[in-house]
Structure formats: C-alpha cells, structure tokens
Amino acid sequence: MQADLDMLVSRLGVVSDVWPHPGTPARGRLPVHWYQSTVGSALPGVGREESVTGSGMSASSADHARLVAVAEAAERYAGADHLGEHRIRAAARDLEGECLEPYRYPRCSPAEYAHPSCPVVEFDPHAEIRWTRGWDLATSEPVWIPARMACYSLRPESPAENYLVSISTGNAVHADPVEAVLRGLLEVIERDAIAVSWLQRLPLPLVDERHTTPVLDALVRWNHEGFVDTYVFDATTDLGVPTAVCVLAADRDERACRAVGAGTGRTMEQAAVKAVTEAIGVRELLRDPAAEPPADLADFADIADGARYMGRAGRAHAFGFLLDGADRRPRRPVPPLPGDPADAVAAVVGALTGKGMRPVVVDRTPMELAAAGLTAVCAVVADLQPMSIAPLAQFKGHRRLYEAPASMGFRVLEETELNPWPQPVA
C-alpha cells in the first residue's frame, strides 16, 4: 500500500506535502512516530486561506506513521464535494421505500432544538434535499441516502439540509475495498461508543490485563515517567467490536490535565494501543499555548475545541465518573473480530442488523485514488449515536443514546441527567 499512496504525493498532487510533526515534549522525544500531511491546494471548494490536513501516529515505525498521514489526507480529499456523482433532489416522503428511513436519523431533543444557538434543525421529511446512492450492506441493494451523510464537506444548500454536524466519521481509504468498508464501519462504531459513554457517564471497566502487549506497556511506562497516569477503558458496546478509550491524567499540568483518545480494532490489543497513541498526541496538542478554545460553547467549530476546553485542570472533576473507583470495576476479555476482511465485515454487519440497524456504504473513490489502486468509502449507520463536536447539538433525542446503556448492562440516565460537558475527544 505504501507505493500506491506515494503516487498521490507531489506539490500539485492529491497530497501536497507530508512531514514529521515538529512538536517535541519538554522531557524528550515522543514514544510514538507522528507525521502530518496537507491535502493538495487544488481541492475543490477549499479556499487558499483554508488548510485541510491529515495526521498519522504509530507506535511501531516512522514509515507506518507517514503511511497513515498520507492515507488520511487522501481520505479528506475523497470526502470533498468534487466527485460529480449522480444526485437527486427530493423529499424523503417521496422516496419512501427507496431511501434510508428518516426514523433512523440522529435527532436532537426538543430542548436542544429550542436553544437559540443550536446549530442544526430537525430533519423534515417533507423538505426537498439532495440524495446520493449508497448500498445496503445487508442486502447489497441500492438505497438513496442524504448527500450530506455521504459527503462530510458538502455545505447545506438550504436550511432544511442543516440537520447534522458534519465530520469525517465513516470515511476510509485502502487498497482492499473490503478492508476500506471494514475500517469505515469500525470508525462509526468507535464514535458511537465515545458519544454514548460520555453523554451517559458510563463507569466503564478498565481493559482486561490479558489484553496487554509490550508496546502498550512501553507507552504506559513512558507516560508514568512523565508523571502522567494512563487509564485504558473497555468501551466495547453491545455490538461486540473491540473498542478502547484512554484518559491521560496529569494533575500537575494546567493546560493538559486530562487528554482523551479512542480506538477500535479487530482485537482489543489493537484498540488499546490506538487509544493510548491518540491520547498522547492529543495531550501534546493541548500543551500548545497558542491554541485556546472558544469561551462560548456556541462558538466551538474545530474538532479539537472540546479537547482543549476539557483539558484544563479546572475541569478535571468532569472525568470523575470514569476515573474514580476504576480499579475496583470487574474486567472482561473481549473476543476479537475475524482476521479476514470479508469475514470481519460480515460479523460487524450481522451485529448491526441484529440490533435492527441498517448499515450503508457509499463509494467515494475519485479518479486520482482509483489510478493508484485505492478505494475510498463512507460508511453510514444512521441508527448509531453520532459524536458531535458541537456542544449545543449532542443529539440527545436519538433513541440509541438510551437503548445502548441498557443493552450493555448500565443504568440509563434521563436527558436532564446527561453529561453537560463538551465532548473531550478530538
């Protein structure tokens, strides 16, 4: 896959540049490799003043980190509105039986919609919006889905299209189309776990000791030597996909007192390493004195605003539901997904449909990626809880937010009891 991705890198290419991250922590080199990348300047819909970037971190090698950074930039490119794919304009009620059913879409609560600074509107099945073709992963049948769900950079054409908070969840690029679909699905499931566990304040168990690895031990040890405590939680939901959430606690650090990372994988070992690696990167971002979060929650726009806001020492108490008593909670081993991509996709799709959900995938492969032998997809599972970077639109009216904790064996909080703090995952 390295050679294929390198075809995309040139001054005027899909990926215009890739370089080692310049940041160095105060006590020496990071224990992980970190690369950044920039999407080509010719990206449609992006002005010269804007910068679309990718990032890659790896605990194994610099080459792998660079590969991930280039792949993420390619993913961002594929998610832009420039494919020229066939779209239609119609109301959902006119596509009944042919479209992804609106009752599945995430929705805010009436209280959220009523807030004067709520950034989204309720989906209107009578309003005309844009739709694009996807494929039902359970039946392999074509289905219309809202274009903004399939193209995160697509800007609303009318107020009726402003029914969601767009981020790149579910986008993936890979040389193996089936692996691309799997990775897109895993990211959607990861974000669902993040959103549900934070909003419902789930007292997650720590990852079982049987899932430790030499790499994970080395990362934890490096943190400990810098007076940072590492908590790796088992955030696997009722879908059974290995998922981990890491909280780094540095009580002496005013700016980066708490940093959070998350990961999914075929195994819990993979998920845990990814979560800790991501949390280390987030912590370094929080230590940047030039990066300040908005003071007003209504002004949050960058995906890292919540992490910066929640990283401050004065808000460390908001993580008490996770950290307090964590060592006393029972742990459990988590079975892995199959190693074969097709078998893994079948297992994940089976878990989703078993819960009454409808997973859909959209082919978003631009010609530049196709020429390099790559496939880009966007996986959409509207039934799952979205991870929203907008504090005033957390989609607290979505049924998944209340059904998932019960399925996982946790108590269920009512809306008035939900976590009021912004999402800390960047």
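**Stop one: the largest cavity**

The largest cavity holds about 440 Å³ of space. This is a predicted model, where local features need pLDDT of at least 70 and side-chain atom pairs count only at pLDDT 80 or more, while totals for chains, interfaces and linings use all residues. Residues are numbered from 1 along each chain as its sequence is written, and side-chain values use heavy atoms, with hydrogens and water left out.

A cavity here is a set of points, on a 1 Å grid over the protein atoms alone, where a 1.4 Å probe fits but cannot get out; lining residues have an atom within 4 Å of a point. Points are joined across faces, edges and corners, and a volume is the space filled by probe spheres set on them.

Select M149, L164, V165, T169 and P386: of the 26 lining residues, these are the closest to the centre of the largest cavity. Next, colour α4 (147-150), α5 (177-199) and β12 (375-380); each supplies at least two residues of this lining. Helices (H or I, at least four residues) and strands (E, at least two) are DSSP runs, numbered from the N terminus.

Now colour by class. The lining has 19 nonpolar, four polar and three charged residues. Nonpolar covers Ala, Val, Leu, Ile, Met, Phe, Trp, Tyr, Cys and Pro; charged covers Asp, Glu, Lys and Arg; the others, Gly among them, are polar.

**Stop two: the second largest cavity**

Its volume is about 100 Å³. Select S197, W198, V245, V260 and L322, the closest to its centre of 13 lining residues. The largest share of this lining, three residues, comes from α5. β9 (243-249) and α9 (320-323) each supply at least two. By class, the second largest cavity is lined by 11 nonpolar, two polar and no charged residues.

Notes: On a 1 Å grid over the protein atoms alone, a cavity is a set of points where a 1.4 Å probe fits but cannot get out, and a pocket is an open set with protein on both sides within 12 Å along at least five of seven lines; lining residues have an atom within 4 Å of a point.
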